[in-house]
Amino acid sequence: MSVIILLLKFVKPRIHYGDPMGDIPFRDLVELCEALERTTKRSSMIALIASFFKKIPSDLVGIAARMIVGKIFPEWSHKTLDISWRTIIKVIKEITGTKPKDILDAFNKTGDPGDMTKILFEKKKGVKQITLLAPQKQQITLLDVYKIFNEVSEVKGEGSKRKKELLLRGLLEKCEPLEAKYIVKILLGEMRHGASEGIVEEALALLSNAPIELVKRAHMLTGDIGEVAEIAVKGGIRALKEVKMRLFHPIEPMLAQAAESVEEALKIHGGRTAFEWKLDGARVQIHKKENEVKIFSRRLTDVTLSLPDVVAQVRDNIKAREVILEGEVIAIGNDGKPLPFQHLMRRFRRVKDVKEMVEEIPVRLYLFDILYLNGNLLIDMPYVERREKLYEISGDIQLVPQIITSDSKEAEHFFKAARSAGHEGLMAKKPNSDYTPGIRGKKWLKIKETLDTLDLVIVAADWGYGRRYKWLSDYYLAARDENSGEFLVVGKTFKGLTDEEFEHMTKRLLELKIGERGRTVFVKPEVVVEVAFDEIQKSPKYKSGYALRFARIVRIREDKRPEEADTITRIRELFEKQFRSKARAE
Ligand code: AMP
């Protein structure tokens, strides 16, 4: 009897396309992603996603939307899979019996963790054992995958690493190579098929006949593409209109483009603009409701625990029941001047003994924007009016110094004042501009002293010599090739980090290891560093065709993702600019 029940369990038919609460094979989502990967046309991607959503049970639309963009849990949910690259590699090795060298080769061939996984699964030796209870291979479903991801996110405490490993192993063992490719992609949040959240929004607009602005707004307010997808598909325009702002769900921050000078900024903004000091710290988004305060980083992670002093300051000063504020936190030295960014990062990294850190590295909060106040969303309000509101409620908390001017001399003066106070430069903000979450436009411009630093990604590192023998201390720096998505090396450096940072970096890079050859450890491109250099040269040594002379790390950009790193095109632009200015000088 019990054998029959077990057999029934294994062959239960779970695929019900017409049923709103049914399930679908995971393979269908995989095929959609493959189709997305094959096209670069925006309109085709939108149509593909829209028809997929139309076809699947409406209860699955949210999960599918999140999987398509590789964000299985929204940031504010505090749920994370928290499976390291090291664990993924370990499980793949266990399942496929691959040698370390093959892993490195497979990665080098594709440059993509998902494609690498597919290759290794295809090479897997041995046939799957056929048992009585699993007469044929059970096809995994979308809900199977989602349930396991959920289980993984709930594993806590002692032995959790091993438990997660087993869950992942159990899932991957059931996968065909192509399915495994996407499990790994979703786990890492690196889909690379080109269909961004913006494209999913367009697909939802198309499907629900809603204006794209309405979908975008709902997405911004919920901070979860899955929730918006369900709302749009189940409730259409009416339901989308009803979406309200929710405190403690962070909003994507507005970003700035670079400008060469204050003159250029003035020109772009039509002759008159607001200049603010650009502080060299960490951006924070502060949500407050009565006495409850939460702080989110630029990447929208909750950093409240690292900043108890800022929380207290907000609680004591802000004269508003409900509010969302933006500002910059900087570390302050004994002389009251800002400390380099690295000090601040130590504050953010620390989760234990925060109290000591608060004393060791005092920080100061400067506010520069307000997005929500007592039930009203302010993002459509012009910048100058938002600033006015911010001033009214900020109590003793300082606002970032600001001037509004049309005079480039005055702006230049202000720039020098920011620099001599130890800050990076200026931001120019168009006075009548709205706040556009997640968009890097021209309404905000950043003006730094020198534009000639690059944000590059570490793709490999050599073990050091002498005093540094225990550290991975010589780094291969790569820029992104927008066409292929590859990271191409443009230089190498062992300069710029403190001992503490070398130690931290070594740990971090070993977690990201793909393989090694001789003294070189190859890593998954993830860590972004800001790099200064003297010159860009043409070089046959690297595939990129360029090499940086005297590269040195200025700081580790914990706040940047590898997709935000500088590109080969940018390097070419800088090379040409430098070539032109040299020619002028000669
Ligand atoms: P970047 O990181 O170089 O793209 O420059 C943008 C960053 O500058 C923002 O994300 C903020 O963290 C920071 N920042 C410093 N001062 C300001 C300011 N007054 N307004 C806006 N952002 C600022």
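This is a predicted model: local features need pLDDT of at least 70, side-chain atom pairs count only at pLDDT 80 or more; totals for chains, interfaces and linings use all residues.
**Ligand surroundings**

I began with Leu279: a polar backbone atom of this residue is 3.0 Å from a nitrogen atom of the ligand. I count a polar contact as a pair of N or O atoms within 3.5 Å; within protein, one must be able to donate a hydrogen and the other to accept it, and residues adjacent in sequence count only if both atoms are side-chain atoms.

Residues are numbered from 1 along each chain as its sequence is written, and side-chain values use heavy atoms, with hydrogens and water left out.

Next I looked up Lys278, where an N or O atom in the side chain is 3.1 Å from an oxygen atom of the ligand. Arg298 has a polar side-chain atom 3.3 Å from a ligand oxygen atom.

Which residues come nearest to the ligand? Of the 16 around it, I found Glu276, Trp277, Glu328, Lys429 and Lys446 to be the nearest; being near takes a heavy atom within 4 Å.

I then turned to helices, which are DSSP runs (H or I, at least four residues) numbered from the N terminus. My axes are lines fitted to C-alpha atoms over the stretch in contact, with angles from 0 to 180 degrees between N-to-C directions.

Helix α5 (residues 85-96) packs on helix α7 (residues 113-122) at about 15°, the axes being 10 Å apart. That angle makes α5 roughly parallel to α7 (under 35 degrees; over 145 is roughly antiparallel, 65 to 115 roughly perpendicular, and the rest oblique). From α5 I listed Trp85, Ile89, Ile92, Ile95 and Thr96, and from α7 Pro113, Met116, Thr117, Leu120 and Phe121, as making the contact (heavy atoms within 4.5 Å). By class, I have eight nonpolar, two polar and no charged residues there.

Helix α6 (residues 100-110) meets α7 at about 130°, with axes 8 Å apart. That makes α6 oblique to α7. On the α6 side I noted Asp102, Ile103, Ala106, Phe107, Lys109 and Thr110, which meet Pro113, Asp115, Met116, Ile119 and Leu120 in α7. This contact has seven nonpolar, one polar and three charged residues.

**Helices α2 and α4**

My last pair was α2 (residues 26-38) and α4 (residues 61-69), packed at about 45° with axes 11 Å apart. The two are therefore oblique to each other. Phe26, Leu29, Leu32 and Leu36 of α2 make the contact with Ala64, Met67 and Ile68 of α4. What classes do I find in the contact of α2 with α4? I get seven nonpolar, no polar and no charged residues.

Definitions and conventions. Ala, Val, Leu, Ile, Met, Phe, Trp, Tyr, Cys and Pro count as nonpolar, Asp, Glu, Lys and Arg as charged, and the others, Gly among them, as polar.
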